[in-house]
Amino acid sequence: MNVDFTFYAITDRRRMPEGEFLPRIKAVLDAGVRAVQIREKDLRPHDLADLCESVRDLARPFRARVLVNDRAGIVVSSDLDGVHLTESSMPPSVARPLIGTGKLIGVSRHDLAGAQQAERDGADFLVAGPIAPTSSKPAGHGMLSWDEFGRICRGVRIPVFALGGVTVENADRCLQAGAAGIAAISLWMEARDVHATFAALTKILGHL
């Protein structure tokens, strides 16, 4: 499966009232977003599967991809488009036989050696950061310099998405550093005007 998106929306449902979460996902899909990662680590497997299926059903009419953190079994049972793996997850080489060859594997890495290993293990794309201060990480959490981020982008052949502190204002700098696209939580979940935000991003990224 090709990585044909340039914006990767990552969820944190606790940032908004329960009744607003799925409507916000529907709104960003309508605005052009084509990839959503369900990152709800506190949910029990059954509840997580139910949420994933709800998002999948929203995404299908838009031909958007839905991935879930870590849960390879849910990828298969709920017919999702892939799995996203962190540094503490199973390696892509273990996940691939579980989910099959027609699914995406995204991997979070924060240094060049880890990125190159993830590529060798079969990752389809990488997420690296943070590249700026972000409310998603605790104060004092280490950031990648632009030089470090650029070395990761140049050091692998698979797409790299910038994550952490990404805004409309610095999206172009992410591309200049070598990113194939950007990934974000706050940018889409806290946007006052979803359509205006993604219209501006489309001008920078070319497409979503």
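View 1. Asp-70 counts as partly exposed, with 29% relative accessibility (buried means under 20% relative accessible area, exposed over 50%, and partly exposed in between, using a 1.4 Å probe and protein chains only). The model shown here is predicted: local features need pLDDT of at least 70, side-chain atom pairs count only at pLDDT 80 or more, and totals for chains, interfaces and linings use all residues. Residues are numbered from 1 along each chain as its sequence is written, and side-chain values use heavy atoms, with hydrogens and water left out. Asp-70 lies in the loop between β3 and α3 (72-77); helices (H or I, at least four residues) and strands (E, at least two) are DSSP runs, numbered from the N terminus. Asp-70 is not a glycine, yet its phi is positive, about 70 degrees.

**View 2. Arg-63 in the loop between α2 and β3.** The loop that holds Arg-63 runs between α2 and β3 (65-69). Arg-63 is exposed, and its relative accessible area is 76%. Its phi is near 55 degrees, a positive value in a residue other than glycine.

**View 3. Helices α1 and α2.** Helix α1 covers residues 18-30 and helix α2 residues 45-59; their axes come within 10 Å and cross at roughly 30 degrees. Axes are lines fitted to C-alpha atoms, for helices over the stretch in contact, and angles run from 0 to 180 degrees between N-to-C directions. α1 and α2 are therefore roughly parallel to each other (angles under 35 degrees count as roughly parallel, over 145 as roughly antiparallel, 65 to 115 as roughly perpendicular and the rest as oblique). The contact (heavy atoms within 4.5 Å) is made by Phe-21, Leu-22, Ile-25, Lys-26 and Leu-29 of α1 and by Leu-51, Ser-54, Val-55, Leu-58 and Ala-59 of α2. These residues divide into eight nonpolar, one polar and one charged. Here Ala, Val, Leu, Ile, Met, Phe, Trp, Tyr, Cys and Pro count as nonpolar, Asp, Glu, Lys and Arg as charged, and the others, Gly among them, as polar.

**View 4. Helices α5 and α6.** The axes of helix α5 (residues 112-120) and helix α6 (residues 146-155) are 9 Å apart, and the helices pack at an angle of about 25 degrees. α5 and α6 are therefore roughly parallel to each other. On the α5 side the contact is made by Leu-112, Ala-115, Gln-116 and Glu-119, and on the α6 side by Arg-151, Ile-152 and Gly-155. Three of the contact residues are nonpolar, two polar and two charged.

**View 5. Pro-130 and Ala-132 in the loop between β6 and α6.** Pro-130 is found in this loop, and a cis peptide bond, with omega about 0 degrees, joins Gly-129 to Pro-130. Ala-132 is in the loop between β6 (125-128) and α6 as well. Ala-132 is buried, with a relative accessible area of 14%. Not counting residues up to four places away in sequence, Ala-132 touches Met-143, Gly-164, Gly-165 and Asn-170. Ala-132 and Met-143 are 11 residues apart along the chain, and their C-alpha atoms are separated by 6.5 Å.

**View 6. Ile-182 in the largest nonpolar core.** This core has 74 residues, of which Phe-7, Tyr-8, Phe-149, Ile-182 and Phe-198 touch the most other members (a nonpolar core is a set of buried Ala, Val, Leu, Ile, Met, Phe, Trp, Tyr and Cys residues joined through side-chain atoms within 4.5 Å). α2 gives the most to the core, with six residues. Residues that Ile-182 touches, not counting those up to four places away in sequence, include Phe-7, Tyr-8, Phe-161, Cys-174 and Leu-205.
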